[in-house]
Amino acid sequence: MEIRQLTLKDFDKYREISYRSYPSIRDFSPQGYQDYDQSVQALMEGQNEELFFGAIEDGKVVGIMRHILFQMNIFGKMEEVGGFGYLGVDPFYKRRGIAGQLLAYFEKTALERGNHTAILLPFRPDFYHKFGYGFLGKMNQYQVQTSYLPQKPDQVTVREIKAQEALTFRKNATGVLHGMTQVLAIEEEDFQDNLKNIYIGAFLDKKLIAYGKYHWKSLNEENYTQNAIVLSDLLSIHPLGIQGVLSHLRAQSDQARYVDFFSHQKNLEQILNNPTDQSHHYFANGYIQTNIQAIGLMAKILDPCAFYQAHYQDQGAIEIRTEDKVYRTGTNPKYSFYLPQACLAPLLFKEISFRQFLDLGLAQAGPDDLKALEEIFPGGYTIYNNADF
């Protein structure tokens, strides 16, 4: 089997596999085909942000994937990471290891480009986990009664903004928030002014510090007065930003029973008068259901030594042992530990501390190294990543 970059000559087979692999999100109408063709053919022709690859057997495309060239903020430093997406295999060629070969080829080409990190959104987390991809960052969904949302901080002003203002803010925030990726051209298409979506901006000293995008959802087809607000996008670069955006939605209590919103920010229940959701689900021992947590981004550190040398320059050399490899970030490593390959990404991105991995029974280290390793890997960072690819 051969793996090669695809061109427009391969588009018909690419589209066929794409539609068969993701039927629930494809529009099978004539207009749907036309919109898909126009969008994907432009990307395939340019191949600037996304590279198209296919597995070829007997001269036929039997598997597809895209290598997406992301610029990601890692501890305030922008660097290219490889994004793996749109994986699909012809239904008559499944169970032959084609998906795994495409993933391996992607990792090879990413390393050749100097990418230390690979990221993806998993269709099957267990499939990617066995190849060393771990969970990086979580998103929380809240369904909060409008009256329980925070009031507006006195120093913050809130007003409607244009989609272009929100897009500019989103682009600028990439350089501020750890784990964010630059907006792809195809993502920019979602920023549009229309009657459905309303953009909110929170300002501090006339500077935009947060934005949200929301629309209405009917809760009862037979009663138009029963509605909820869906805040589909929420991004803040200041501690008061989220409170500012949510305060506007609090003022909509005459129309909305509750607000459905999503955020990577941790511990948002602390700014809500009552963070319980609309399920009214009672757990054991007096616990009532609040936000629902979701995994999304998975990541693999393709070159742990290069990653450590780039982002831990003030630390001594270490030895990392995984299931089948040993990585030494320099000569005469000062400290050594064991951790599964899939756990390296959340550790090295400082999302999860070394102590937490010890408590989970996943990390191993000698007693003389523990204190130093806990200081090198303190955890506690939030991963802000809402790329959809």
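The model is predicted. Its largest nonpolar core has 38 residues, and a second, separate core has 25. The salt bridges number 19.

**Nonpolar cores**
- Within the largest nonpolar core, F337 and F377 have the most contacts.
- Elements giving two or more residues to this core include the strands β3 (60-74), β14 (298-301), β15 (318-321) and β17 (335-338).
- Helices are also on that list, among them α8, α9 (344-348), α10 (354-359) and α11 (370-376).
- Beyond its neighbours within four places in sequence, F377 touches Y308, Y312, I318, F337, L347, L348, S353 and F354.
- The second, separate core includes Y22, A55, A110 and Y133.
- In general, nonpolar side chains of soluble globular proteins tend to be buried together.

**Helix α8**
- Helix α8 spans residues 304-311 and is mostly covered, with seven of its eight residues buried.
- Those buried residues are P304, C305, A306, F307, Y308, A310 and H311.

**V259 in strand β12**
- V259 sits in strand β12 (residues 256-263).
- V259 counts as buried because its relative accessibility is 0%, and the cut-off is under 20%.
- Leaving aside neighbours within four places in sequence, V259 contacts Y142, Q143, V144, T146, L149, I229, L231 and L249.
- G179 is 80 residues from V259 along the chain, and their C-alpha atoms are 26 Å apart.

**Salt bridges**
- E50 pairs with R66, with 2.7 Å between the closest N and O atoms.
- E50 is in strand β2 (residues 50-57) and R66 is in strand β3, so this pair ties together parts 16 residues apart in sequence.
- Both E50 and R66 are buried.
- R321 and E319 form a salt bridge at 3.7 Å, N to O.
- R321 is partly exposed at 29% relative accessibility, whereas E319 is buried at 15%.
- D359 and R355 also form a salt bridge, at 3.7 Å from N to O.
- D359 and R355 are four residues apart in helix α10, so about one helical turn separates them.
- D359 is exposed at 57% relative accessibility, while R355 is partly exposed at 37%.
- A network of salt bridges links K13, E16, R20, K60 and D90.

**Second largest pocket**
- The second largest pocket holds about 460 Å³ of space.
- Its lining has 22 residues, and K138, K266, Q293, E351 and I352 lie nearest the centre.
- By class, the lining has seven nonpolar, eleven polar and four charged residues.
- β6 (134-135) and β7 (138-145) each supply at least two lining residues.
- β7 gives the largest share of the lining, three residues.

Conventions. Residues are numbered from 1 along each chain as its sequence is written. This is a predicted model: local features need pLDDT of at least 70, side-chain atom pairs count only at pLDDT 80 or more; totals for chains, interfaces and linings use all residues. Side-chain values use heavy atoms; hydrogens and water are left out. On a 1 Å grid over the protein atoms alone, a cavity is a set of points where a 1.4 Å probe fits but cannot get out, and a pocket is an open set with protein on both sides within 12 Å along at least five of seven lines; lining residues have an atom within 4 Å of a point. Grid points are joined across faces, edges and corners, and a volume is the space filled by probe spheres set on the points. Ala, Val, Leu, Ile, Met, Phe, Trp, Tyr, Cys and Pro count as nonpolar, Asp, Glu, Lys and Arg as charged, and the others, Gly among them, as polar. Buried means under 20% relative accessible area, exposed over 50%, partly exposed in between (1.4 Å probe, protein chains only). A nonpolar core is a set of buried Ala, Val, Leu, Ile, Met, Phe, Trp, Tyr and Cys residues joined through side-chain atoms within 4.5 Å. Contact means heavy atoms within 4.5 Å. A salt bridge is a side-chain nitrogen of Lys or Arg within 4 Å of a carboxyl oxygen of Asp or Glu.
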